[in-house]
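Reader: I would like a close look at a single part of this structure. Please take one residue, then show me some other places worth a look.

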Amino acid sequence: MSTAAGATTLATRRSSRLVAWVRSWRAGLVPYDEVAEEVARDEEHLVADAPGAWTDVPLREGLTAFSKLTPDQIRLVLPAPGDPRGLPGPGDFTGAALLAGEAVIAGELGLIPEVRTHTSGSGMTFETVLWRVFPLPAETAPPVPITVSEAEGELNLMLAEATNTLARLDIAQWRPELAGALAAIRRPDSANELPPGFDPRSRRLFARANVLDHVLALADEVAPGGAVNGFEAQARDAALRPLAAACRGALVAACNAPLI
């Protein structure tokens, strides 16, 4: 697989997978036994501080904390510094969510994934994902949701504006793998990433925003050899900031959309 192609097949945000599959399960559209496997895929996922548990438990066991929730009580949050949309007031959960850049709100619980790197006795490194559970205030009210239509329109507008700026800056020269990734935004092939229950428009929006999320992660990295000067970096950041916000809004809208 080429570097460009590989850039478009990175793992979806873990919180979006958890929200989508748990909501589908709580709607009765997928069996409980499939959820943990679909969320974790080839990673090991554990849950810390789960209600009633005294130690870290496997994700499959931790999911029982959601067993009495409705799909509408489970939602994705993708905050960023200066953009805390969807988070409750100040507190441990809000601070950790801003640091992680992603979180799940499930009734009176908040979950944030932490990736931990381990080294075996033979020197091999491997990762585990630890979902840390936080209690939330009972009075936490969900924000007014952005619709899929609104999120799609905002994403299209910001993408058009940013594309022109990035073309002038020749960002693909800094990060050659972006050329293939940028092209993939217009023909995403991951429309089936979401589980049963999501309508076609939500699936299309998720697929497009998911690829763009990877592109933005690549563009945010400093080019090898210092090829980006200070002015170019500032111009790049100014172009990407509103696009990143629109991308996060699109992922949230798609994953939190009403199920059919």
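Author: Start with Thr128. This is a predicted model, and in it Thr128 has a relative accessibility of 7%. The cut-off for buried is under 20%, so Thr128 counts as buried. Where does Thr128 sit? Its place is in strand β6, which covers residues 125-135.

Next, turn to the aromatic rings. The count comes to two aromatic pairs. Trp25 and Tyr32 have ring centres 5.3 Å apart. Their planes stand at 50°, so the pair is tilted. A pair of aromatic rings is described by the distance of the centres and the angle of the planes. Trp25 is buried, at 10% relative accessible area. Tyr32 is partly exposed, at 21%. Trp25 also has a charge over its ring: the charged end of Arg26 sits there, 4.9 Å from the ring centre.

Last, find the second largest pocket. Its volume is about 580 Å³. It is lined by 26 residues, and the closest to its centre are Pro143, Pro145, Ile146, Val252 and Asn256. Which elements each supply at least two residues of this lining? They are β3 (74-77) and α10 (230-255). The lining of the second largest pocket divides into 16 nonpolar, four polar and six charged residues.

How values were computed:
Residues are numbered from 1 along each chain as its sequence is written. This is a predicted model: local features need pLDDT of at least 70, side-chain atom pairs count only at pLDDT 80 or more; totals for chains, interfaces and linings use all residues. Side-chain values use heavy atoms; hydrogens and water are left out. Helices (H or I, at least four residues) and strands (E, at least two) are DSSP runs, numbered from the N terminus. Buried means under 20% relative accessible area, exposed over 50%, partly exposed in between (1.4 Å probe, protein chains only). Rings of Phe, Tyr and Trp (its six-membered ring) pair if their centres lie within 6.5 Å; planes under 30 degrees apart count as stacked, over 60 as edge-to-face and the rest as tilted. A charge sits over a ring if NZ of Lys or CZ of Arg is within 6 Å of the ring centre and within 35 degrees of the ring normal. On a 1 Å grid over the protein atoms alone, a cavity is a set of points where a 1.4 Å probe fits but cannot get out, and a pocket is an open set with protein on both sides within 12 Å along at least five of seven lines; lining residues have an atom within 4 Å of a point. Grid points are joined across faces, edges and corners, and a volume is the space filled by probe spheres set on the points. Ala, Val, Leu, Ile, Met, Phe, Trp, Tyr, Cys and Pro count as nonpolar, Asp, Glu, Lys and Arg as charged, and the others, Gly among them, as polar.
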